Amino acid sequence: MLRRVRETESIKDRYSVMYNQCGVLQVSYFASTLKAVFTDCLMFAIRGEQSNTRLLKESIEISLGELADLDFDLAEHVGEIVASKNDISFQDMQSIGRAFSTYFGVPVEIDGNVANVIFAQACRNCIVHSGAIADERMIRQIKAAKERTVDMPVHEGKAFCFEPQSIRKISRSMEAFVAALAGRLIQTCQKSGSKKLTGG
């Protein structure tokens, strides 16, 4: 019976929804990871032995209500506040690139891994906002992902669905990107005299 289900693909539509949700969760987890990296690095850059002068001069505006919501613990939430006040989105590679380049001098260069992530982010937005029907905005976004190795077909006005192999490939690209970014951030912090970051 199971072989027949596999051969006829009678429940494929149900799995397509699940696979697409896996793609959405992947992008969310990736964004959460980068937000944590950004927050930790910002703390080290401010508290480091040779603190970043430009960062120390930057000001942020916060209301008393927001301060109360943070339980008056600014030190623990400074990265979160900076990201929020500067509209940094960790679900958008352009915004990610600007954030790490502006605050830490670490640019993001587009390669195969970055292109796969851009593709995943575009798909995520389309799944959430357009029901996995490729729209003009998505097609425009993935034009920047020419070097992607995920070969999932996408056509404007048509539904798309992640396959398990695409999900695995995107996952590997995300892991490779975070590892490379972390390595470059550690080097940057060590050069500026903040050697404590090596433990993260």
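Which helices each supply at least two residues of the lining of the second largest pocket? Helix 6 and helix 7 do. The account below starts with the whole chain and returns to that pocket.

This is a predicted model, in which local features need pLDDT of at least 70, side-chain atom pairs count only at pLDDT 80 or more, and totals for chains, interfaces and linings use all residues. Residues are numbered from 1 along each chain as its sequence is written, and side-chain values use heavy atoms, with hydrogens and water left out.

**The chain**

The chain has 9 helices and 0 strands. Helices (H or I, at least four residues) and strands (E, at least two) are DSSP runs, numbered from the N terminus. Of the 200 residues, 36% count as buried. Buried means under 20% relative accessible area, exposed over 50%, and partly exposed in between (1.4 Å probe, protein chains only). Contact means heavy atoms within 4.5 Å. Among contacts between residues at least 6 apart in sequence, 66% join residues at least 24 apart.

**The core**

A nonpolar core is a set of buried Ala, Val, Leu, Ile, Met, Phe, Trp, Tyr and Cys residues joined through side-chain atoms within 4.5 Å. The largest one holds 50 residues. Phe-30, Phe-38, Phe-90, Phe-104, Phe-119, Phe-160 and Phe-177 touch the most other members.

Take Phe-177. Leaving aside neighbours within four places in sequence, Phe-177 is in contact with Phe-30, Leu-34, Met-93, Ile-96, Val-108 and Val-114.

**A salt bridge**

A salt bridge is a side-chain nitrogen of Lys or Arg within 4 Å of a carboxyl oxygen of Asp or Glu. The count by this rule is 1. The side chains of Glu-136 and Arg-140 form it, at 4.0 Å, N to O. The two are 4 residues apart in helix 8, so about one helical turn separates them. Glu-136 is exposed, with a relative accessible area of 53%.

**The pocket**

Back to the second largest pocket. It is lined by 15 residues. Asp-92, Met-93, Gln-94, Ile-118 and Ala-144 lie nearest its centre. Helix 7 gives the largest share of the lining, 5 residues.

Methods
1 Å grid on protein atoms, 1.4 Å probe; cavity = no way out; pocket = protein on both sides within 12 Å on 5 of 7 lines; lining within 4 Å.
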